[in-house]
Amino acid sequence: MSRFRDIAWWVCFIIAAVVLQAAVPGLDVLTVGLIILLQERDYKNMLWLLPLFILLQEGMGTRPFGAVIVWYAAVMALFKMGRWLFEVENFIFVFLLSACLGAAYYGVAWLMAPLQNLPFDVQGTMDTSLIQAIFVPFAWRLLVATRHWNTDDLEK
Amino acid sequence: MFRIGFQELSLVTLRRLLLIAGVLLILFLGMYSWNQRTHVLDDLGARLGLEITGAVLSPVRSVQDAAENMWSRYFDLVGVREENERLRQKVDELEARLLANGEDLAELKRLRALVQLPVDQSWRPLGARVLAGRMGPNAVLDSITISRGYSTGGRPGTPLVTHLGLVGRVLKASAHSSIVLLLTDPSSRIAVFSQQSRAPGILAGMGTGQRLEVNFVQRDADVKPGEILITSGLDGKYPKGIPVARVLHVAPSDYTQFLAIKAEPLVDLHHLEEVLLLEPTGAPQPLDPTEAPKEFVGPPLPGPKTATP
């Protein structure tokens, strides 16, 4: 994918992610972008995209700064661990990673609530974790397909 | 042989991983405590992240509005003639009612002057559009995002209302967008009193979809279900007299010496589209120069001592 098309793809992704996050409270769409960056080992783009993702999530959130860093660190750690055991394209990997991400989402919220002196809504967090776990594999597949389609189109 | 080698490799890897994790944890905690003291990263997130979010959402909302308007206009055209006739009838009716109410209005003005209700010039209303509700994994508080920031009248602490009543106050702001803490959030506390019985209390949010609680209302207070709670202004955060909630249930508390009062917000916080920000103008409340100083009510003045047997 050419540099320009790549950046255009990421800008479109960020706009769509912000709009989708406005529609579904608590959902993190940018996580899928981070997973794609890890999957493609695209560390050059990660250098500017990861700080941007963190700033966006911290900016639109209401918690003190820090929780998103823990959450994205958990996403990266889980992805690395998963890739160590499975192939990235494997269905079990996608399924397990999504389930672990759902659990990590709940875990981070539970961990940060007393640290930041905020009330912890068990039911609400559970619901959002579940939505997050279900959302990730579908969005991941869809976005990977658009990236492949983009590349194929360019090669033709 | 291979097994031992694998184990050795695993131990080395594990030790290295633990070391990296430890260093990262220390770095994170250092950054976290530094930010708690200085709020530099909080400000950076609000100024940059929230600003980009607002910049993305504002045109999206404009396009959505335009599409909705076109759609509704098309359907409106179908019944526009009937509606026009109905509205004309209503205008006639309202004009007649306005004439009849002229006397009531004059009476209200007189009564206001009589009870000296403050004509508050210290707050200036500013319209704002609701861009979104809670957004992202970091939005744990009950909040909304609006289209005004600190450079356009939405500074942190600014109260928000609709024509029905109080919505909340600005929690954090970027230049052109801000996040508003709704009155239903568990961390929201508002000084109120009941409109009829004038019993003071503190209105506390209990979370989305939950009823509000009014704390610290004396047991002998004559608060009734259906009564409206208005801001008392005693907390210094909200102007006095804004309707906030309606009392649903009143009973003596089982655990405290106060009343246990449940209430519901007057504003439908799930379907907000436009809101009004009450920006403090800094102008002092006007005082009537002809007003005589109020009589001081306190302990009795010391009189001549009487001899005791």
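A residue counts as buried if 20 or more other C-beta atoms, placed from the backbone, lie within 10 Å of its own, as exposed if 12 or fewer do, and as partly exposed in between. The model is predicted: local features need pLDDT of at least 70, side-chain atom pairs count only at pLDDT 80 or more, and totals for chains, interfaces and linings use all residues. Residues are numbered from 1 along each chain as its sequence is written, while chains are lettered from A and ligands numbered from 1 in the order in which they are written.

Helices (H or I, at least four residues) and strands (E, at least two) are DSSP runs, numbered from the N terminus. The buried residues of α1(A) are A:A17, A:V18, A:Q21 and A:A22. They lie on the same side of α1(A), because their arc around the axis, taken from the directions to the C-beta atoms, is only 130°. The face turned away from this buried side carries the exposed residues A:F4, A:C12 and A:A23. Cover for the buried residues includes α2 (30–39) of chain A, with α2 (40–78) and β1 (123–132) of chain B; contact requires C-beta atoms, placed from the backbone, within 7 Å.

In chain B, a closed barrel of 6 strands runs β1-β2-β5-β4-β3-β12, with antiparallel pairing. Pairing takes at least two DSSP bridges between two strands. The antiparallel strands β1(B) and β2 (residues 143–146) of chain B are joined by 2 bridges. B:A132 stands opposite B:T145 in β2(B).

Domain bounds come from an automatic or database assignment. This gives chain B domain 1 (2–38) and domain 2 (124–281). Their C-alpha centres lie 45 Å apart.

Conventions:
Two residues are in contact if their C-beta atoms, placed from the backbone, lie within 7 Å.
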